[in-house]
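Take a moment with the sequence and the model before reading on. The paragraphs below go from the whole chain to its helices, then to its inside and its surface.

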Amino acid sequence: MSAAQLPATWFSRLLASVIDLILLAIAGTVTVLVTRIYAEPDAYASVAEFYSRFAVVVSLTYLLLNGYLLALRGQTIGKYLLRIQLISNKSKLPLTLWRSMIRAVALLLVLKIPYGFILVLIDPL
């Protein structure tokens with residue numbers, strides 16, 4: 001296997017994910033500010049409502065941003081910076097939009113489980 005075909009290391013994937021999460025926080029905050037979802041007086045009625053609205057906006061931003069980039073190039077911004085590309089085992093091409101959205105939704109669901117982030121840190125290779 002050439003160096004270009006070797007799987008990415010656990011650390012490089014983790015670092016790419018951290019970069020993506022930082023960018024996601026920025027994109028989610030900008031989305032919240034642009035959509036003015038919190039401009040309504042009742043937006044701050046309860047802490048639970050505040051966080052649930054924010055979680056919905058950030059989750060949708062994540063699905064659109066990462067799903068689209070993975071389908072388009074097989075890379076998120078963090079993966080691009082670390083020269084990692086997500087490809088299909090069968091075709092060796094970037095994932096389709098449908099597959100990348102399934103992957104993104106699955107990750108969001110795992111992260112909703114208490115301590116689900118630990119499952120994400122386990123190296124499947």
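A residue counts as buried when its relative accessible area is under 20%, as exposed when that area is over 50%, and as partly exposed in between. By that cut-off, 25% of the 125 residues of the chain are buried. Keep in mind that this is a predicted model.

Start with the fold. The chain has 5 helices and 0 strands. Read from the N terminus, the order of elements is α-α-α-α-α. The surface comes next. The chain exposes about 8900 Å², and carbon and sulfur atoms supply 72% of that area.

Now go to α1, which covers residues 10-35. The helix has 26 residues. Its first and last C-alpha atoms lie 36 Å apart, close to the 38 Å expected at 1.5 Å a residue. Which residues of α1 are buried? They are Ser12, Ala16, Asp20, Leu24, Gly28 and Val32. Look at the numbering of that list with helix geometry in mind. An α-helix has 3.6 residues a turn, so residues three or four places apart point the same way. The buried residues of α1 pack against α2 and α3.

Ser12 sits in α1. Its relative accessible area is 16%, so Ser12 counts as buried, since the cut-off is under 20%. Setting aside neighbours within four places in sequence, Ser12 is in contact with Leu82 and Ile84. Val32 also belongs to α1. Its relative accessibility is 9%, so Val32 is buried as well.

Next comes α2, residues 47-73. The buried residues of α2 are Arg53, Val57, Val58, Ser59, Thr61, Tyr62, Leu63, Asn66, Gly67, Leu69 and Leu70. Just after α2, Gly74 takes a positive phi of about 80°.

Thr61 lies in α2. At 10% relative accessibility, it is buried. What does Thr61 touch, leaving aside its neighbours within four places in sequence? Its contacts are Leu24, Ala27, Gly28 and Thr31. Val32 and Thr61 are 29 residues apart along the chain, and their C-alpha atoms are separated by 9.9 Å.

The largest nonpolar core has 6 residues: Leu24, Val58, Tyr62, Leu63, Ala104 and Leu108. Both α2 and α4 supply at least two residues of this core. The largest share, 3 residues, comes from α2. Not counting residues up to four places away in sequence, Tyr62 touches Leu24, Gly67, Ala104, Leu107 and Leu108.

Turn to the outside. A nonpolar patch lies on the surface, made of Trp10, Phe11, Leu15, Val18, Ile22, Leu23, Ile26, Val30, Val34, Ile77, Tyr80 and Leu81. Together these residues have about 1100 Å² of accessible area. The elements that give two or more residues to the patch are α1 and α3. Which element gives the most? It is α1, with 9 residues. One of the patch residues is Leu15, found in α1. Its relative accessible area is 34%, so Leu15 is partly exposed. That value falls between the 20% and 50% cut-offs.

Finish in a loop. Arg83 lies between α3 (77-81) and α4 (97-112). Is Arg83 buried or exposed? Its relative accessible area is 77%, so Arg83 is exposed. Its backbone also stands out. Arg83 has a positive phi of about 60° although it is not a glycine.

Technical notes: Residues numbered from 1 in each chain as written. Predicted model: local features only at pLDDT ≥ 70, side-chain atom pairs only at ≥ 80, totals over all residues. Heavy atoms only, no water. Helix = DSSP H or I, 4+ residues; strand = E, 2+ residues; numbered from the N terminus. Buried < 20%, exposed > 50% of the residue type's maximum accessible area, 1.4 Å probe, protein only. Areas by Shrake-Rupley, 256 points an atom, 1.4 Å probe, with all protein chains shown as cover. Contact = heavy atoms within 4.5 Å. Patch = residues over 30% accessible without salt bridge, like charges linked within 9 Å, V, L, I, M, F, W, Y side chains within 5 Å. Salt bridge = Lys/Arg side-chain N within 4 Å of Asp/Glu carboxyl O. Core = buried A, V, L, I, M, F, W, Y, C linked by side-chain atoms within 4.5 Å. Expected span 1.5 Å × (residues − 1).
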